[in-house]
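User: Got a model open here and I'd like to talk through it. Can we start with the pockets?

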Amino acid sequence: MGKTLNVLKKIFNDPELRKKILIVLALFLVFRFLAHIPVAGVNLNQLRSLFDQNQFLGLLDIFSGGTLSNFSILAVGIGPYIYASIVMQLSSKIYPKLEELQKEGEYGKKKIAQYTRYATVPLGILQSIGMYTLLRSQGLIGNLAPIDLVAFIATMVAGTMLIMWIGEIISEQNIGNGISLIIFAGIVGQLPVAAFQILTTLTAEQAINISLMILLGVAVIAAVVFVNESIRKVPIMYAKRVRGANSQAAQSTHLPLKLNSAGVIPIIFAISLVLLPSLMANYFVASNNETLAGIGTWLIANFSVASLYYNIVYFALIFGFTYFYTAIIFNPKDIAENIQQGGGFIPGIRPGKQTEKYLNFIITRLTLFGAVFLGVVAVLPNILQAYTGIQNLVIGGTSILIIVAVVIETVKNLEVQLVNRSYDKFLR
C-alpha cells in the first residue's frame, strides 16, 4: 500500500504525467456529458422501462455506460470500432499483404488504423439500422421519413466516430488503450446509479445475499489479478558466438507466455453473438406473423440472461473465441523462426519445427485454463442473479475483468513512464 501511494505521489509530482492524466480525465467528462445528450424522437420513459424489464438490454446498457437507456448520440457506442478492429486482425491472417503491412513498424500500424476507421463506418450504419428496427418494433419510435431516417443513422454513426476519436486521443497520452479506458469509464460511471437502485429496493434477505456476493466479488478480483499476471517462462539459451576478434558469452533468457493471452476480447466478441437471439426475439414478438411471434416467445422464455441455454452457449462461445483469438495473436511458427534466426534454442528441444510444436503444446494447455477461467467468471454473475433474485447488479464478471485489466495496464504504463523520466534526468 505504501509503495502504491509513493508511486501515485511521484506521478502527480511529475508535471508532464500530471498533464496527461488531467487530459484523460477531461475527456472522460466529455464522454459522460455526450452520453446524456438524447436523440430526438425517442420516448425515453418507455425506453428506460423496457431496459428495466429486459435483462439483456440492461446488460448492453451497462456495457455502453448508460448511453442506451438515455439513447444519447453515443447509443451505438464503440462496438463498431471494436468489431472493425477484430475484422482487421482476422483479415491480416487471411490476406498476406495486410500481414506484411503489420510488420512494417509505425507506418504499418498507421495504415491498419486508417483501414479500421474506414471499416467502422459501414458497421456503424448496420448497427444503427438494427437499433432503429428494434425501437420501431417496440413502439418507442415511429416510422421515420427517408430524410429523417438518414439523419437518425448519420447521428448514430457520427457519435461512434466521435467516441472513436476521443479514444484515439486518450491512447496518444500513452497512459493506456483509449477504447479500453472509455469502456472502463462507462462501467464505472454506472456504479452510483446502480448502487442507488439496489439500496432503495433492498430487503433484509437481499442484504445478506449482497454481502456474500461482495465477498465473492473480492475473491473474483483477486483471481482475475492472479490470472492476468500469471506467465509461463519458457527458457531460451543463446550459445557463445565468436565474430572475428570479438566473442559474445553464452546467454540465457526466457519467453513469457501469459496464462490468458486473449484478454477480454473473447468475452466482448461472444457477448455480441449470444445476445442476438434475445435481440431477434424482441423483434419477432411484435410481428404479425404467428410463426415468428411464436419463435420470439420461445426465445424470450428459454434464452434469457439467467436461463440455462443462454449460459451454456455463452460459455461455449467464450471458450471457442479464446482459442481462436489466441491463435491469431500468437503464432508459434513465427516465434520459433525468430528464436532460430537469433541463434537461440530451448534446452532439450531442437530448433525449428520441434520448437514450434513445443510452443504450440504449451500455449494450447495455457489457453485451456484461460478459456475456462474467462467462461466461469462471465457466467457466474448470471447464476448468482438467478439464485439470489437480485436483477440490478452492475459489477458482473465481464465488468470486473475489464476494470481490473484496465487498472493494471494503466498503472504499469505510468510506472514505465516514471522509470523512463528518471533515466532521462540521470543522463542529463
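User: What classes of residue make up the lining of the largest pocket?
Analyst: The lining has 22 nonpolar, 13 polar and 10 charged residues. Keep in mind that this is a predicted model.

User: What's the volume of that largest pocket?
Analyst: About 1700 Å³.

User: And which residues lie nearest its centre?
Analyst: Q89, N177, S180, Y325 and E409, out of 45 lining residues.

User: Which elements give two or more residues to the lining?
Analyst: They are α5 (79-94), α7 (105-137), α8 (146-172), α9 (178-200), α10 (204-229), α11 (265-274), α14 (308-329) and α17 (397-427).

User: Where does the largest share come from?
Analyst: From α7, which gives eight residues to the lining of the largest pocket.

User: Switching to packing. At what angle do the axes of α5 and α7 cross?
Analyst: At roughly 130°, and the axes come within 8 Å. The two helices are therefore oblique to each other.

User: Is the crossing left-handed or right-handed?
Analyst: Right-handed, as α5 passes α7.

User: Which residues in α5 meet which in α7?
Analyst: On the α5 side, G79, P80, Y81, Y83, A84, S85 and M88. They meet I112, Y115, T116, A119, T120, L123, G124 and Q127 in α7.

Definitions and conventions: Residues are numbered from 1 along each chain as its sequence is written. This is a predicted model: local features need pLDDT of at least 70, side-chain atom pairs count only at pLDDT 80 or more; totals for chains, interfaces and linings use all residues. Side-chain values use heavy atoms; hydrogens and water are left out. On a 1 Å grid over the protein atoms alone, a cavity is a set of points where a 1.4 Å probe fits but cannot get out, and a pocket is an open set with protein on both sides within 12 Å along at least five of seven lines; lining residues have an atom within 4 Å of a point. Grid points are joined across faces, edges and corners, and a volume is the space filled by probe spheres set on the points. Helices (H or I, at least four residues) and strands (E, at least two) are DSSP runs, numbered from the N terminus. Ala, Val, Leu, Ile, Met, Phe, Trp, Tyr, Cys and Pro count as nonpolar, Asp, Glu, Lys and Arg as charged, and the others, Gly among them, as polar. Axes are lines fitted to C-alpha atoms, for helices over the stretch in contact, and angles run from 0 to 180 degrees between N-to-C directions. Angles under 35 degrees count as roughly parallel, over 145 as roughly antiparallel, 65 to 115 as roughly perpendicular and the rest as oblique. A crossing is left-handed if the near helix is turned anticlockwise from the far one by less than a right angle, and right-handed if clockwise. Contact means heavy atoms within 4.5 Å.
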